[in-house]
Amino acid sequence: MNKIDYPIIESLKKHKSILNASDFLKLPANSVFGNLNLSYHEIVIRVECINDLIIKLYNDFYNLKDYLKSNSMLNPTTVYEQKMQTEQIFYWLRKTADELISLTWLLDFIKKENKNPSKLKVSSIGEFLHNENAFNQELNSHIKTLRTINEISNGFKHSFINSQIHSYQGSEYPVVFAYTLNYNDLKNKPKFHTLELKIVLNDYAIFLKDIKEYIILNHNMEK
């Protein structure tokens, strides 16, 4: 098997490097929503775990390709396991984006109002997409990436017809397949998604880098 170019995400820290102070931001420790340093710490660690999932998925994909060069028989659960791995990666990408959006909105509110909010009004990708001026348009260049993460993760979670692509798999590299139907209502038009996973992950890494820089620049946080 040739050397694999893993599309890991290193916007917040170098993968497998020892955690040190430079990997964190100096955030408010006494907000009404808790110690925001702990919130950011969990995000950093979660991305580290996502990278482990990405590496496993890519290893499994290319090991299977090598296996099929000399074998025609295939256990159907092998391909399905990769589908489940992809769904898991998207779940954590979505959760991480939701939390970073929540954190950023909270910091903006505290800076502007000089007090804590009683509610996080923009706390998810979906709420951001419905309120694109939430961060002074600084993150609007990532709307396409965030919409993709939102649609794919919603499809994996809610779309009843997504099982119709049970055996789909990329031929040359890992591909994300999803078959979505909004609200599982046949009045809506089904949508088939096919995306190279590497491109999605690279775009997501840029989003993480930019949102971290946004927090640093707008809230005088330490790198």
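## Helix 2 and helix 5

The axes of helix 2 and helix 5 (residues 197-219) come within 11 Å of each other and cross at roughly 15°, where axes are lines fitted to C-alpha atoms, for helices over the stretch in contact, and angles run from 0 to 180 degrees between N-to-C directions. Helix 2 and helix 5 are therefore roughly parallel, a word kept for angles under 35 degrees, while those over 145 count as roughly antiparallel, 65 to 115 as roughly perpendicular and the rest as oblique. Their crossing is left-handed, that is, the near helix is turned anticlockwise from the far one by less than a right angle, clockwise being right-handed.

Residues of helix 2 that meet helix 5 include I89, L93, A97, L100, T104 and K111, and the helix 5 side includes V200, Y204, F207, I211 and H219; contact here means heavy atoms within 4.5 Å.

## Basis of the model

This is a predicted model, in which local features need pLDDT of at least 70 and side-chain atom pairs count only at pLDDT 80 or more, whereas totals for chains, interfaces and linings use all residues. Residues are numbered from 1 along each chain as its sequence is written, and side-chain values use heavy atoms, with hydrogens and water left out.

## Overall fold

The chain has five helices and two strands, arranged along the sequence as α-α-α-α-β-β-α; helices (H or I, at least four residues) and strands (E, at least two) are DSSP runs numbered from the N terminus. Its C-alpha atoms fill a box of roughly 65 × 50 × 25 Å along the principal axes. Of the 223 residues, 43% are buried, meaning under 20% relative accessible area, with exposed over 50% and partly exposed in between (1.4 Å probe, protein chains only).

Helix 2 (residues 76-113) has 38 residues and should span 56 Å at 1.5 Å a residue, which agrees with the 56 Å between its end C-alpha atoms; the expected span is 1.5 Å times one less than the number of residues. After helix 2 comes N114, whose phi is positive, near 60°.

Helix 1 packs against helix 2 at an angle of about 160°, with the axes 10 Å apart, which makes the two roughly antiparallel. This crossing, too, is left-handed.

## K13, before helix 1

K13 lies in the segment before helix 1 (36-68) and is buried, with a relative accessible area of 6%. Its side chain reaches the backbone oxygen of S17 at 2.9 Å. Leaving aside neighbours within four places in sequence, K13 is in contact with L19, D23, V44 and E48.

How values were computed:
Polar contact = N/O pair within 3.5 Å; in protein donor to acceptor, adjacent residues only side chain to side chain.
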